[in-house]
Amino acid sequence: AEDGYELWLRYRPLEAGQQLRYRPHLAQLVAPASTPTQRVAREELLRGLGGLLGQAPAVADAPSAAGAVLVGTPASLPALAGLGLDLEGLGDEGYLIRSVELDGRPATVVAANSDVGALYGSFHLLRLLQTRQPLDALDLRQAPKVKLRVLNHWDDLDRYVERGYSGQSIWNWHLLPDWLDPRYTDYARANASIGINGAVLNNVNANAQILTPMYLAKVAALAGVLRPYGIRVYLSARFSAPMEIGGMDTADPLDPAVQRWWKDKAAEIYARIPDFGGFLVKANSEGQPGPQDFGRTHADGANMLAEVLAPHGGVVMWRAFVYSHEEPDDRHKQAYTEFVPLDGSFRDNVLVQVKNGAIDFQPREPFHPLFGAMPKTPLMMEFQITKEYLGFATHLVYLGPMYEEVLRADTHAAGPGSTVAKVVDGSLDGHAISGIAGVANIGTDRNWSGSHFDQANWYVFGRLAWDPYLDSRTVAEEWVRMTFSADPAFVEPVVAMMMGSHQAAVDYMTPLGLHHLMGRGHHYGPGPWVEGGPRADWTSVYYHRATREGIGFDRTTSGSDAVSQYAPPVAEVFNDPERVPEDFLLWFHHRPWTSRVSSGRSLWDELVHRYSRGVAQVEWMQRTWDGLRGHVDAERHHQIERFLAIQRKEAQWWRDASIAYFQTFSRLPLPEGEAPPE
Ligand code: GCW
């Protein structure tokens with residue numbers, strides 16, 4: 001059934017003409033299979049090529065025919081050694097794919113320095129076919145630009161997924177370690193196909209039980225499934241674990257007994273999982289325990305854990321998403337205020353993991369002011385793949401353009417061109433480690449992500465983690481071709497739907513830099529009126545601050561002064577209502593309803609216009625998708641059509657509710673041609 005289970009690895013037969021074109025290049029497969037990783041690479045190629053070409057290539061130990069494909073390392077496949085391939089610079093995860101001549105016969109090589117590099121190259125070769133690229137004169141070199149490319153599962157041990165909209169946790173703790181669900185293998189294949197090399201298995205709001213022997217046995221079993229695919233396992237560590245499962249009465253990071261407890265725990269973990277990746281920690285945020293409970297700093301806490309992991313090669317990913325809802329200062333400023341003074345005091349196996357924006361995965365946020373502000377510390381990017389604030393799994397919202405916008409933003413930290421991508425990949429400040437994390441949107445739903453199009457967000461996350469300079473449109477095209485159809489009459493409109501979908505959601509939810517207007521708690525529908533009353537960190541009525549005169553949160557130098565956390569050239573622009581990008585106008589400024597914006601409209605009219613534009617864009621997506629019936633199987637077409645209908649209904653809900661609410665402040669009429677909310 002076309003239920004989406006196979007993701008972008010469907011490997012359905014190509015068009016007959018394509019098969020004819022490709023077969024001569026893929027007649028014979030020479031891929032050693034003496035290690036687990038080599039075996040999975042060979043299996044994937046046989047499965048993929050067999051599916052795409054209608055018949056798998058013949059397997060041989062050495063090339064003996066035209067059209068051989070050689071996959072391996074110079075060590076695993078001696079035939080590669082004599083070809084003068086330049087494997088330097090590919091590191092231990094990169095690969096090259098090249099068309100060569102062997103004894104006068106055309107052949108293709110997929111070569112790497114390591115088995116996992118060859119596995120990544122195998123997936124790339126398959127992608128070339130899936131996207132119908134020519135195989136005649138290949139000369140591709142790829143190496144990941146970021147070292148740690150990690151999914152963060154917010155999965156609890158009872159299989160509830162915090163902010164998960166695609167069923168339960170795929171980790172069946174009850175049946176582990178004895179039953180290894182085949183889904184784990186398919187999960188690993190999907191991740192390896194896009195270069196993801198780490199998975200934090202449990203929620204950052206961590207349960208200390210995961211560190212007990214019973215659970216560690218289960219974690220070790222999962223690590224065994226993921227290992228051949230180059231994926232390391234990490235765990236979220238609860239800072240107070242020594243108290244909860246260690247019987248101690250403190251978790252003070254400077255207490256020698258606490259340090260010894262963690263040292264033993266690390267040894268215990270590495271005895272079971274020799275390639276364990278390390279710990280992810282959410283500390284002193286939203287009520288979680290942390291070093292500050294004992295009068296210590298984030299650096300004290302992170303360094304204590306880093307110290308016990310270092311001898312085993314592990315890292316600490318310490319989250320900077322720290323704020324207190326009791327703190328009356330602008331929440332935008334809290335992480336920066338706490339972390340910048342600690343720059344330079346972290347051990348070198350600590351990464352500080354920073355959300356893309358300073359509030360919380362809003363539909364659109366300016367880049368987090370910490371990027372560029374901690375040059376002595378490797379900063380990991382934390383993106384959210386699950387769409388907590390973007391319509392869950394129901395709304396079609398492709399996150400590629402949003403990720404790209406943040407990665408390309410210029411921090412000006414070391415002069416112009418100091419993009420967030422350069423901070424994150426370590427190139428700006430010369431860091432040896434670097435990382436990108438994505439909060440997973442994966443669950444037990446047949447289609448993994450809750451909707452077909454949300455698979456694209458998993459995909460684009462992985463592709464951008466590998467290369468943060470890729471453009472999201474190219475990635476969307478790839479994904480559409482692999483997942484649905486390569487027919488240009490289909491690809492073009494569907495990519496257009498995807499590329500416009502993020503702006504559409506911003507328009508019908510939180511236009512012009514508004515943010516956190518969602519219903520409190522669930523974060524799904526509109527709730528700018530804030531049920532349950534104000535909260536200190538929202539500094540009164542949420543962040544929109546609507547009044548009779550105007551709307552928006554004043555973060556300028558005369559307001560909360562969050563702008564001053566950015567480098568001067570950026571701060572200057574954000575501080576100026578005439579120069580700030582209009583998409584962030586009300587993020588940084590409180591503006592009169594009657595002030596003019598660049599379209600020539602008043603702010604009020606522009607707000608209404610953008611809400612309506614968002615709804616219209618969803619209607620356009622519906623019409624476009626309706627017109628594509630027949631290009632894709634009825635099963636997936638139907639579900640997407642119904643989901644778009646839900647999105648249309650809810651975009652209207654967002655628009656009407658928001659406009660009606662804001663109108664109680666502005667008391668202005670709707671502009672000409674705009675229907676009033678029903
Ligand atoms: O986005 C918010 C979520 C919480 C989450 C928290 C965090 C895991 O609403 O559910 O907790 O951020 O990132 O720590």
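Reader: Which helix holds Glu405?
Author: This is a predicted model, in which local features need pLDDT of at least 70, side-chain atom pairs count only at pLDDT 80 or more, and totals for chains, interfaces and linings use all residues. Residues are numbered from 1 along each chain as its sequence is written. Helices are DSSP runs of H or I with at least four residues, and strands are runs of E with at least two, numbered from the N terminus. The run at residues 400-408 contains Glu405, and that run is helix H11.

Reader: Is Glu405 buried, exposed or partly exposed?
Author: A residue is buried if 20 or more other C-beta atoms, placed from the backbone, lie within 10 Å of its own, exposed if 12 or fewer, and partly exposed in between. Glu405 has 18 C-beta neighbours inside 10 Å, so Glu405 counts as partly exposed.

Reader: What is the C-alpha to C-alpha distance between Glu405 and Glu365?
Author: In sequence, Glu405 and Glu365 are 40 residues apart. In space, their C-alpha atoms are separated by 9.8 Å.

Reader: In what order do the 6 strands of the open sheet lie, and which stand at the edges?
Author: Two strands pair if DSSP finds at least two bridges between them. The pairing is mixed, and the order is E2-E1-E3-E5-E4-E6. Each edge strand has a single partner, so one side is left without a neighbour in the sheet; these are E2 (58-59) and E6 (139-142).

Reader: Which residue in E6 stands opposite Tyr95?
Author: Strand E4 (residues 95-102) runs antiparallel to E6, joined by 4 bridges. Opposite Tyr95, E6 places Gln142.
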